[in-house]
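Subject: Structure handover and findings

Hello,

Here is the structure you asked about. Please open it alongside this note.

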Amino acid sequence: MRREKIIGIIAGIFILGSCNSNYTSKKTGYYYIDFPEHSYTTFSKENFPYSFSYPTYGNIVRDSTYFDQGDEDAYWINVDFPAYNARVFLSYKRIGGKALFKVPQPDGSYKDSLGLNYFDNLVADAFQLTAKNEVVATSRKDSVFITPKGVSGVYFKVGGNAATARQFFLTDSTKNFLRGALYFSVTPNVDSLQPAIQFFEKDLQHFINTFEWKN
């Protein structure tokens, strides 16, 4: 009987407490990010086939494996934003030029194979790479454009928890082809990343509008 009384008292306390208190669900919160003012500087390195403006709070980095070897891969660079765990990947291909491909073998290994960069194949690859997000993407919007400097391309907006929510390619359709992708080194979450995506999207638009081919 003593046990039943104790249980009854505890239950009564919870009932009374629930009657006298209001429960309010807490919304999921995210860290506030203090973004800087947009400001830009010019990238125009000797022997590079292109130039553009990029944010002053970004760093130009390229893989030392390809550095100054004369291969078109030497023109593959990234714009890093370490303060925001963000990066814009930039990969360059010369249309009609030779490229090294890794061809899978029956034993699971890969064999190097030389091939040509045909324009139609480069465009198809850009769309296929964007389509890899479709497992988690909720939408995709493709926008064809021509910049005031005469550079043409396609801009991809991918909705949902995609690792690369903004992608694009730029080309003159005869000699040069460059693909770009905005990437964050965090678990993709569209709600938490949306402010950062909107901030860097302005930088991507500036990059595209100031981009020029040198040859």
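Below is what was found in it, from the whole chain down to single residues.

This is a predicted model: local features need pLDDT of at least 70, side-chain atom pairs count only at pLDDT 80 or more, and totals for chains, interfaces and linings use all residues. Residues are numbered from 1 along each chain as its sequence is written, and side-chain values use heavy atoms, with hydrogens and water left out.

**Overall**

The chain has three helices and twelve strands. These are DSSP runs numbered from the N terminus: helices are H or I with at least four residues, strands are E with at least two. Of the 215 residues, 36% are buried. Buried means under 20% relative accessible area, exposed over 50%, and partly exposed in between, with a 1.4 Å probe and protein chains only. The accessible surface comes to about 13,800 Å², by Shrake-Rupley with a 1.4 Å probe. Carbon and sulfur atoms hold 54% of that surface. Among contacts with a separation of 6 or more, 49% join residues 24 or more positions apart. A contact is heavy atoms within 4.5 Å.

**Strand β11**

β11 covers residues 176-184, and eight of its nine residues are buried, so the rest of the structure largely encloses it. Strands pair if DSSP finds at least two bridges between them. β5 and β11 run antiparallel and are joined by nine bridges. Tyrosine 92 stands opposite leucine 178 of β11. β10 and β11 are also antiparallel, with six bridges. There, arginine 166 has leucine 182 of β11 as its bridge partner. β10 and β11 form a hairpin with four residues between them. Serine 173, in the turn, has a positive phi of about 70°.

**Aromatic rings**

There are 31 aromatic pairs in the structure. Rings of Phe, Tyr and Trp (its six-membered ring) pair if their centres lie within 6.5 Å; planes under 30 degrees apart are stacked, over 60 edge-to-face, the rest tilted. Two pairs follow.

- Tyrosine 84 and phenylalanine 200 are edge-to-face, at 5.9 Å centre to centre and 70° between the planes. Tyrosine 84 is in the loop between β4 (77-81) and β5 (86-94), phenylalanine 200 is in helix α3 (residues 190-210), and the two are 116 residues apart. Phenylalanine 200 counts as buried because its relative accessibility is 2%.
- Phenylalanine 127 and phenylalanine 169 are edge-to-face too, at 6.4 Å and 65°. Phenylalanine 127 is partly exposed at 28%. Phenylalanine 169 is buried at 4%.

One aromatic cluster includes Phe43, Tyr92, Phe168, Phe207 and Trp213.

**Cavity**

How many cavities of 30 Å³ or more does a search of the whole structure find? One. A cavity is a set of points on a 1 Å grid over the protein atoms alone where a 1.4 Å probe fits but cannot get out, and lining residues have an atom within 4 Å of a point. Its volume is the space filled by probe spheres set on the points, which are joined across faces, edges and corners. The largest cavity holds about 90 Å³. Its lining includes Tyr54, Val79, Leu90, Phe200 and Phe207. β2 (50-55), β4, β5 and α3 each give two or more residues to that lining. α3 gives the largest share, four residues.

Best wishes

Key
On a 1 Å grid over the protein atoms alone, a cavity is a set of points where a 1.4 Å probe fits but cannot get out, and a pocket is an open set with protein on both sides within 12 Å along at least five of seven lines; lining residues have an atom within 4 Å of a point.
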